[in-house]
Amino acid sequence: MHPKIAFLILSAFAAMTMAAPQNPTETPADVEGAITAQDIAQALPVGTVHQLADGEPEVSIAAVERTHVKVCKDINFRGRCETLTANKQRCYDLFNGWSNEISAFGPERGTSCTIYDNRGCYGPEYAGIRYPGISNLRRVGWNDRASSYRCV
């Protein structure tokens, strides 16, 4: 487990234990100085150009394996590009100008990704994209098609 995550979990547990309500009807939020799940979620990194397919914010205090994917508007990883951070095993919808706009897709070493035609990681898919990725999605019939992705 990553030391920062372990520290957050231990700190949250200690704060909640020491700030346990004396009155059985009090909740931890009623106790001054209690750490909430929202406090923990705000301490974790957040993606900028994609979101979980279910539309919910990603809040977890468990250890998460992260990966990175480079997406570019033009072939050969040129033009507008961005490196996305994602949790493995999760589906992400592309937004902020990336849905149906990607011409190059490159996961980092040790990661395999699947891109999907539709949001929510369903519909036609192109699987098994590994480092260094596909520099010209047109060659495989996927230029400007991807709306979501999942990496493992």
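Over the ring of which residue does the charged end of Arg-80 sit? In this predicted model, where local features need pLDDT of at least 70, side-chain atom pairs count only at pLDDT 80 or more, and totals for chains, interfaces and linings use all residues, the ring belongs to Trp-98, with the charged end of Arg-80 placed 4.1 Å from its centre. A charge is taken to sit over a ring if NZ of Lys or CZ of Arg is within 6 Å of the ring centre and within 35 degrees of the ring normal. Arg-145 is arranged likewise over the ring of Trp-142, its charged end lying 3.9 Å from the ring centre. Residues are numbered from 1 along each chain as its sequence is written, and side-chain values use heavy atoms, with hydrogens and water left out.

For orientation, the chain holds two helices and eight strands, these being DSSP runs numbered from the N terminus (helices H or I, at least four residues; strands E, at least two). Read from the N terminus, the order is α-α-β-β-β-β-β-β-β-β. Of the 152 residues in the chain, 32% are buried, where buried means under 20% relative accessible area, exposed over 50% and partly exposed in between (1.4 Å probe, protein chains only).

The largest nonpolar core has 18 residues, and Phe-105, Ile-115 and Tyr-149 touch the most other members. Two or more residues each come from β2 (66-74), β3 (78-87), β4 (91-94), β6 (112-118) and β8 (148-151). Such a core is a set of buried Ala, Val, Leu, Ile, Met, Phe, Trp, Tyr and Cys residues joined through side-chain atoms within 4.5 Å. Beyond its neighbours within four places in sequence, Phe-105 is in contact with several residues, including Val-69, Val-71, Cys-113, Ile-115, Ile-129, Leu-137 and Tyr-149.

Two aromatic pairs are counted, the rule being that rings of Phe, Tyr and Trp (its six-membered ring) have centres within 6.5 Å, with planes under 30 degrees apart called stacked, over 60 edge-to-face and the rest tilted. Tyr-92 and Tyr-149 form a stacked pair, at 5.7 Å centre to centre and 25 degrees between the planes. Tyr-92 is buried at 3% relative accessible area, and Tyr-149 is buried at 1%. Phe-105 and Tyr-149 form an edge-to-face pair, at 6.0 Å and 65 degrees. Here Phe-105 lies in strand β5 (residues 104-107), 44 residues from Tyr-149, and Phe-105 is buried at 1% relative accessibility. Together, Tyr-92, Phe-105 and Tyr-149 make a cluster linked by ring pairs.

Finally, the backbone deserves a look. Tyr-131 and Pro-132 are joined by a cis peptide bond with omega of about 10 degrees, and Pro-132 is found in the loop between β7 (122-130) and β8. Gln-89, in the loop between β3 and β4, has a positive phi near 75 degrees and is exposed at 54% relative accessible area. Cys-121, in the loop between β6 and β7, also has a positive phi, about 55 degrees, but counts as buried at 9% relative accessibility.

Technical notes. Contact means heavy atoms within 4.5 Å.
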